Amino acid sequence: MSTKFHDCKPDIVLFKRRGAHKLPLVLRKCVCRAFKQESAFHDQNRNRIDQILGKRRGSKPPRQKAPRDLDVQLLLSDHVEAGSATAVASTVSGNQNPFDAAASPRVLSDSQLLNFERLGHICTRSLLDGAQVTALHGAVQREADNRQLVALSHRIRVLLPADKHVPVHSKEQALRHLKRHSQELGFMQHFNLHREVQLIRSLVTSRRLASVAAQLLGERRVRVYQDCVFVKEPGFTPTNWHSDLPISPLDTNSFVTAWIPLRPLKKEGDSGLEFAEGSHRDIAVHAQKDGSSRDLSDRGYKIRSVGRMELGDVSWHHGWLLHYAPPQPLNSPPRMALAVSYFGDGARIRRAEWSGGDCMLEDKESYADWVGPRPGQLQRGAVARHVLLPVIDVR
Ligand SMILES: O=C(O)CCC(=O)C(=O)O
């Protein structure tokens, strides 16, 4: 990357005039670095230039630096190299959020950003403190135990819409019904625990987590779309290939999910995520009949598993990236992962339903409170700004 900035120099003026946010992230970083280096060059050589021009040092008041484009300032202060971490960290000083108290925001490397752009996923190792994840596990487990029947009714509504009124009396009865009538059990889901549990709210609104989302998306403000706990009990079937954005009501490309296993996951013998690399850039795949094309064998994607994950590791995938998870083996304990999805502030709600239709059902539970015709809800086409979509400003 560092040898490439010269190529970008002529674009600097254009870049400033047009607004950095309209360029792809990798190009923005490249141009931004060129801009930084160009300014440093002028600062270092100003005395020499003044001598050549016959000017005497100190004879004139020092020249004011030209005010920089706001986006450039953001990229510089947000930027990944030494020194910038302090700038980012200073914005969180005094913050009581326990996840931010434990560590300052993680600054992503160029190769992580590039991998996310090209492949659609990355894993940030040890992003969270292991002991905090263990505490989260306890809090999530308590909620999940209380909500099991709600989650199973939701699963019946999604997988067997015609049976949506079937009463759910017990876990065993609901699982029997699902296994008898659907091939696809996959998981149980618990949505938006951050609305109930302070520790989870602290995590999803922490700069520790949200600043990674913002860097990956090239945003300065991100909103929490939802959190969702995915529980896969031993013997639960695969999570089918899908991408997250068609299931959401948002009209955006700026969407990322942090997937946080709540116990360490083995490479073999646990149901970790697998990704169809580059599929987030494959527009043609969405022209398939169901919008998600479950048979990927002829599309040439490289399938990559997230592999072993330790406590505190976080896997990130783009909203259009196709992903899957294998069955949870019978001889492994349940696998529980907290998925937190963020989107760039300013996204709108899609005007029309996604043509895939039924896949909208899965997240409906999550967004039903803020999308709709009732007072206080957002209409289609509106900017998705709502008290139920917490915003995090990572500047
Ligand atoms: O944990 C799983 O099995 C599915 C997770 C998922 O699809 C997601 O986080 O987007």
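Strand β2 (residues 188–191) runs antiparallel to β3, the two pairing over four bridges, where strands are DSSP runs of E of at least two residues and helices are runs of H or I of at least four residues, numbered from the N terminus, and where two strands count as paired if DSSP finds at least two bridges between them. Within this pairing, Gln189 has Phe230 of β3 as its bridge partner. The model is predicted, so that local features need pLDDT of at least 70 and side-chain atom pairs count only at pLDDT 80 or more, whereas totals for chains, interfaces and linings use all residues. Residues are numbered from 1 along each chain as its sequence is written.

With β11 the antiparallel pairing of β3 extends over 10 bridges, and Val224 has Tyr342 of β11 as its bridge partner. Strand β3 is mostly covered, 11 of its 12 residues being buried; a residue is termed buried if 20 or more other C-beta atoms lie within 10 Å of its own, exposed if 12 or fewer do, and partly exposed in between, with C-beta atoms placed from the backbone.

Helix α11 (residues 207–217) is largely enclosed by the rest of the structure, because 11 of its 11 residues are buried. The buried residues of α11 include Arg207, Arg208 and Gln215 as well as Leu209, Val212 and Leu216. The helix is followed by Gly218, whose phi is positive, near 70 degrees.

Gly344 lies in strand β11 (residues 335–344) and is buried, with 22 other C-beta atoms within 10 Å. Leaving aside residues up to four places away in sequence, Gly344 touches Leu217, Glu219, Val222, Thr252 and Ser254, a contact being two residues whose C-beta atoms, placed from the backbone, lie within 7 Å. The C-alpha atoms of Gly344 and Ala384, which are 40 residues apart along the chain, are separated by 9.9 Å.

An open sheet of four strands has the order β4-β10-β7-β8, with antiparallel pairing. Its edge strands are β4 (239–242) and β8 (302–305), each of which pairs on one side only. Neighbouring strands of this sheet are turned by 20 degrees against each other on average, direction ignored, with axes taken as lines fitted to C-alpha atoms, for helices over the stretch in contact, and angles running from 0 to 180 degrees between N-to-C directions. Strand β7 (residues 274–277) pairs with β8 in the antiparallel sense over four bridges, and Ala276 stands opposite Ile303 in β8.

Overall, the protein contains 12 helices and 13 strands, and of its 395 residues 37% count as buried. Among contacts with a separation of 6 or more, 81% join residues 24 or more positions apart.
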